[in-house]
Amino acid sequence: MSSEPAPLLALDLAGTFAFGLNGALTAVRAARLDVVGVVVLGMITALGGGFIRDVLIDSLPPATLLDWRYYTLAAVGGLLAFALSRHLRRIETPIIVLDAVGLSAFAVIGASTALDSGLGFAPAVLLGVITAVGGGTIRDVLVRRIPTVLSTGLYAIPALVGAAVTVATVETGVYGLPAALGAATLCFLIRVLGLRYGLNAPEPPETRGRGGPDEAGG
């Protein structure tokens, strides 16, 4: 079972469910898949980033395979997306907000886990980001599209900020539940504000204003 404090564990589990749900919904829209394909892609979205992190820090088997709650919630999210995809589109905003909660929790927990394995500042920040966005990136590659994290919206940047703040608080000796929740909240706010105001990461000058999704990478 996870040793994370209860509030962080709750965020982590909620994020796992949200990533499974939102990842499977994305798969439904992007490709014609059967129930197995949709659920598998939902689970990859929810668990893939943590798998990559744990393989890189040689923590095997991956933590999310040792706690039944993680893979169960990921599978349930995928099944709900398959069964209720038309209806879930009506509540897309709450699902995206819950997805932002997952992004925040994964970035913080991924970074702190990397530090616990003995990594330094920069590698721990990198693994925090990978934990948060790795699963969605694998999903997008499998459905043959440019990963969302590389093309649209503020997604990797909030995860980077949350992971960096987490590592900074650990390195300065002030890390604890309040600091972890603060880092997660900062990540969440950046992500939500980006969604609210349609903010995107900077693009190369030659791609601005062209309007075509293929040209702009969106």
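Author: Patches are made of residues with over 30% relative accessible area and no salt bridge, nonpolar side chains being joined within 5 Å. The model discussed here is predicted.

Reader: Which helix provides the largest share of the nonpolar patch?

Author: Helix α2 does, with three residues. The patch covers about 400 Å² and is made by Val35, Val36, Val40, Leu79 and Phe82. The elements that give two or more residues to it are α2 (35-56) and α4 (68-88).

Reader: Why is Phe82 called partly exposed?

Author: Phe82, found in helix α4, has a relative accessibility of 38%. Partly exposed lies between the limits of under 20% for buried and over 50% for exposed, so Phe82 at 38% counts as partly exposed.

Reader: What makes Ala24 buried?

Author: The relative accessible area of Ala24 is 0%. Buried means under 20%, and therefore Ala24 is buried. Ala24 lies in helix α1 (residues 6-30). Leaving aside residues up to four places away in sequence, Ala24 touches Phe19, Val38, Gly42, Gly78 and Ala81.

Reader: How do you know that the length of helix α6 agrees with its number of residues?

Author: The expected span is 1.5 Å times one less than the number of residues. For the 22 residues of α6 (residues 121-142) the span should be 32 Å; the end C-alpha atoms are 31 Å apart, so the two values agree.

Reader: Where does α6 bend?

Author: Helix α6 bends at Val133, by about 50°. Just after α6, Arg144 takes a positive phi of about 60°.

Definitions and conventions: Residues numbered from 1 in each chain as written. Predicted model: local features only at pLDDT ≥ 70, side-chain atom pairs only at ≥ 80, totals over all residues. Heavy atoms only, no water. Helix = DSSP H or I, 4+ residues; strand = E, 2+ residues; numbered from the N terminus. Buried < 20%, exposed > 50% of the residue type's maximum accessible area, 1.4 Å probe, protein only. Contact = heavy atoms within 4.5 Å. Patch = residues over 30% accessible without salt bridge, like charges linked within 9 Å, V, L, I, M, F, W, Y side chains within 5 Å. Areas by Shrake-Rupley, 256 points an atom, 1.4 Å probe, with all protein chains shown as cover. Salt bridge = Lys/Arg side-chain N within 4 Å of Asp/Glu carboxyl O. Bend = angle between axes of the 7 residues up to and from the residue.
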